[in-house]
Amino acid sequence: MKKECEIVQDLLFGYNDGVISKSSTELVENHLKECDICKNKLEEIQKDSKDDNQEKEVDYLKKVKNKLKRRKKIIITVLSILFIIIVFNVVIFINYKLTPSEVQVFLLDNITEEQKDDIENTIKGFGDITYESKEEALNRIREKLGENAYIINGWDEDNPFRASFTVKVDSEDIEKITSLVENLDGVHSVEFMHIGNPYELFIINILMNKS
Ligand SMILES: [Zn+2]
């Protein structure tokens with residue numbers, strides 16, 4: 001290798017990057033006109049630096065792509081969570097709507113048939129009515145007690161349970177029906193089962209279904 005070639009080749013990287021002095025640049029350019037070896041060397045350097053730049057570009061694009069992928073994942077996760085929350089609430093409110101409240105009207109023992117009819121007619125427009133006599137109430141309790149039913153042995157002669165009408169109503173009718181029935185003759189008391197909080201109802205339903 002000629003001495004000048006050695007010097008020029010040392011300068012080629014700087015020349016390619018455009019960071020050498022004007023006089024060095026002139027020296028390189030004059031030499032390149034006459035020397036094919038150094039010219040080839042420069043072309044190699046130019047090719048390498050081009051490849052290098054392309055690699056950097058690819059890396060950058062990959063990073064951007066990964067960032068977008070991550071952002072997409074986050075958006076999908078957030079949307080999924082929102083979707084689950086919405087479905088959960090819809091289920092709860094459907095459950096709430098489908099669960100009727102109950103009003104139970106307990107009757108006095110000495111009620112007349114006429115009074116009974118009057119009560120029944122007052123509430124029957126609100127929903128399905130079931131009637132339970134004193135005896136039926138006692139039997140229901142007896143069944144519930146199972147093998148402990150002996151506790152209420154002998155209650156038949158002096159049955160403390162009350163006959164009742166139970167009507168399934170929409171929650172918003174509870175107050176209306178209660179005020180209508182409360183003061184009718186033959187009514188002992190009015191009780192109702194109503195839960196104002198749909199979430200509470202949902203949890204109670206789950207617990208009741210389990211037991
Ligand atoms: Zn040369």
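Which residue just after H5 takes a positive phi of about 60°? That residue is Gly146. A few notes on the rest follow.

1. **Ground rules.** This is a predicted model, where local features need pLDDT of at least 70, side-chain atom pairs count only at pLDDT 80 or more, and totals for chains, interfaces and linings use all residues. Numbering starts from 1 along each chain as its sequence is written.

2. **Overall layout.** You'll find seven helices and four strands here, where helices (H or I, at least four residues) and strands (E, at least two) are DSSP runs numbered from the N terminus. Reading from the N terminus, the order of elements is α-α-α-β-α-β-α-β-α-β-α.

3. **Extent.** The radius of gyration is 46 Å, while a compact globule of 211 residues would have one near 17 Å. That quantity is taken over C-alpha atoms, and the globule rule is 2.2 Å times the number of residues to the power 0.38. Along the principal axes, the C-alpha trace spans about 130 × 40 × 20 Å.

4. **Two domains.** The chain is divided into domain 1 (3-93) and domain 2 (100-210), with bounds from an automatic or database domain assignment. Their C-alpha centres lie 81 Å apart.

5. The cut-offs use C-beta atoms placed from the backbone: buried means 20 or more other C-beta atoms within 10 Å, exposed means 12 or fewer, and partly exposed is in between. Of the contacts with a separation of 6 or more, 74% come from residues 24 or more positions apart; a contact here is two C-beta atoms, placed from the backbone, within 7 Å.

6. **Strand S3.** Have a look at S3 (residues 164-169): five of its six residues are buried, so the strand is largely enclosed by the rest of the structure. S1 (residues 101-107) pairs with S3 in the antiparallel sense over six bridges, with Ser101 partnered by Val169. S2 (residues 129-132) also runs antiparallel to S3, joined by four bridges, and there Glu132 stands opposite Ser164. Pairing requires at least two DSSP bridges between the strands.

7. **The cores.** The largest nonpolar core has 12 residues, among them Val103, Ile123, Phe165, Val167, Val169 and Ile177. The elements giving two or more residues to this core are S1, H4 (113-123), S3 and S4 (187-193). A second, separate core of five residues includes Val8, Leu12, Tyr15 and Cys38. By definition, a core is a set of buried Ala, Val, Leu, Ile, Met, Phe, Trp, Tyr and Cys residues joined through C-beta atoms within 7 Å. As for Ile177, leaving aside neighbours within four places in sequence, its contacts are Val103, Ile123, Phe126, Val167 and Val169.

8. H5 (residues 134-145) has 12 residues, which should span 16 Å at 1.5 Å a residue, and its end C-alpha atoms are 17 Å apart, which agrees. The expected span is 1.5 Å times one less than the number of residues. H2 (residues 22-34) has 13 residues and reaches 19 Å between its first and last C-alpha, close to the expected 18 Å. H2 is hardly covered, with one buried residue among its 13.

9. **Glu182.** This residue is in the loop between H6 (174-181) and S4. Glu182 counts as exposed because it has 11 C-beta neighbours inside 10 Å. Setting aside neighbours within four places in sequence, Glu182 is in contact with Val187 and Val190. Glu182 and Phe106 are 76 residues apart in sequence but 9.9 Å apart in space, C-alpha to C-alpha.
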